[in-house]
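Please view the sequence and structure below alongside the text.

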Amino acid sequence: MKKLERKKTITGVLSKHRKGFGFVAWDENSKDIYIGSKYMGSAMDGDTVVVELLPAASWRGTSGIRTGEGYRPARPEGRIIAVKKRKLKEVPGTFRRVGKSHNGMSFVIPAIKELKEEIYINAGADHGAIDGDKVVVKLTQYPDRYRRAEGKITEIISKAGEPGGDIKLIARSYGMKEGFPAKARAEARDIKAEHVGRHGMLEDAEIRKRRDLRKETIFCNVIGHMLQK
């Protein structure tokens, strides 16, 4: 704890609670830094932030908590003074419009469960979306104590009521997109026509240059952070 008290600022990753407060993890062997909602600034869940420590005398439970092994030290507290890296620049979610006209208030409810703030969409930034559409919104303003999160819709994932729309939205919340990456499509286009038979399959001579796994049974276990890769 003395090591922490000597530091003026800490850099770490923010975990934000739905009630507005949060914790910054900065060292696996040290306590997370508590951030009150009034000291959150414009930071959102998952951002890498710079934290200024509050005076140790003001930490919650400064007098300590009695345990069987003595007193447990207070949890360190701080205020976020800068966002070093944003985790999110685009957010998938469900578009909602209050009122029947296009001049009504519009917002997106994020599909990412850790993100609690609704994102408001200004007039003319809805990309033609209607109430209930599954969309991707690009953040143009991050929320703080005085301003709400705002953004503009850049993509409609699925229309309201479209079968499979919820699954597409969930997949997008993990960073998965439909279709193949541009690099893969370019590589496919570059395959020379003489290597492709009349049925659209690669010829045997071309297949022999590759590792053929068509007769193998392959299992792929994808967990945790790998879902986003």
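The sections below describe the chain as a whole, then its nonpolar cores, then a pocket.

## Overall make-up

The model is predicted. Its protein chain contains four helices and twelve strands. Of the 229 residues in the chain, 31% are buried. The accessible surface of the protein chain is about 16,000 Å², and carbon and sulfur atoms account for 51% of that surface.

Contacts between residues at least 6 apart in sequence were also sorted by separation: 59% of them join residues at least 24 apart.

In soluble globular proteins, nonpolar side chains tend to be buried together. Here the largest nonpolar core has 17 residues, and those with the most contacts inside it are Val 91, Phe 95, Val 108, Ile 121 and Ile 153. At least two residues of this core come from each of strand E8 (90-98), strand E10 (119-121) and strand E11 (134-141). The most is given by E11, which supplies three residues.

Leaving aside neighbours within four places in sequence, Phe 95 is in contact with residues including Val 108, Ile 121, Val 135 and Ile 153. A second, separate core has twelve residues, among them Val 24, Ile 33, Ile 35 and Val 49.

## Second largest pocket

The second largest pocket has a volume of about 240 Å³. It is lined by 16 residues, of which Lys 16, Gly 20, Met 40, Glu 117 and Asp 144 are the closest to its centre. The lining of this pocket consists of nine charged, four polar and three nonpolar residues.

Terms used
Residues numbered from 1 in each chain as written. Predicted model: local features only at pLDDT ≥ 70, side-chain atom pairs only at ≥ 80, totals over all residues. Heavy atoms only, no water. Buried < 20%, exposed > 50% of the residue type's maximum accessible area, 1.4 Å probe, protein only. Contact = heavy atoms within 4.5 Å. Areas by Shrake-Rupley, 256 points an atom, 1.4 Å probe, with all protein chains shown as cover. Core = buried A, V, L, I, M, F, W, Y, C linked by side-chain atoms within 4.5 Å. 1 Å grid on protein atoms, 1.4 Å probe; cavity = no way out; pocket = protein on both sides within 12 Å on 5 of 7 lines; lining within 4 Å. Points joined across faces, edges and corners; volume = space filled by probe spheres on them. Nonpolar A, V, L, I, M, F, W, Y, C, P; charged D, E, K, R; others polar.
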